[in-house]
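Please look through the structure shown here with some care.

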Amino acid sequence: MSPVPDRLLQLAYDPGISPKGGGLPGLAVLKNVVNSINLFGIIAVVGALAVSLAVWAWGHHTGGHQAEANGKKGATVAAGAALGLGAANGIVAFFSSLGSQVH
């Protein structure tokens, strides 16, 4: 009888799967679609930032504290979204590399 139960050996089985480019047709098209979605997202963030900054300035100059606060909040969210969109590829690459080190 083995010291490790068979059920535990099944859980620890390495299927030998790793990401590989060129395995399926349409990979280049999918990358192009994702790049386009990212570009549209960045363009939308530029618009959202412009509107938020305008609301912030309008609220400040008219004494509308609620509008000023909403403008600040929108500008912060737009900046965070720009950071996320710009860093998306690096974030995924970092965690994919980190995940591949788990044994």
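A salt bridge is a side-chain nitrogen of Lys or Arg within 4 Å of a carboxyl oxygen of Asp or Glu. This is a predicted model, in which local features need pLDDT of at least 70 and side-chain atom pairs count only at pLDDT 80 or more, while totals for chains, interfaces and linings use all residues. Residues are numbered from 1 along each chain as its sequence is written, and side-chain values use heavy atoms, with hydrogens and water left out.

A search of the whole structure finds 1 salt bridge, in which the side chains of Lys72 and Glu68 meet at 3.9 Å, N to O. Both residues lie in helix H3, 4 residues apart, about one turn of the helix; helices are DSSP runs of H or I with at least four residues, numbered from the N terminus. Lys72 counts as partly exposed at 38% relative accessibility, whereas Glu68, at 14%, counts as buried (buried means under 20% relative accessible area, exposed over 50%, partly exposed in between, with a 1.4 Å probe and protein chains only).

Helix H3, residues 65-100, is also the place of Phe94. The structure holds 1 aromatic pair. Phe94 and Phe95 form this pair, which is edge-to-face, with 5.0 Å centre to centre and 80° between the planes; rings of Phe, Tyr and Trp (its six-membered ring) pair if their centres lie within 6.5 Å, and planes under 30 degrees apart count as stacked, over 60 as edge-to-face and the rest as tilted. Phe94 is partly exposed at 48% relative accessibility, and Phe95 counts as exposed at 51%.

Definitions and conventions: Helices (H or I, at least four residues) and strands (E, at least two) are DSSP runs, numbered from the N terminus.
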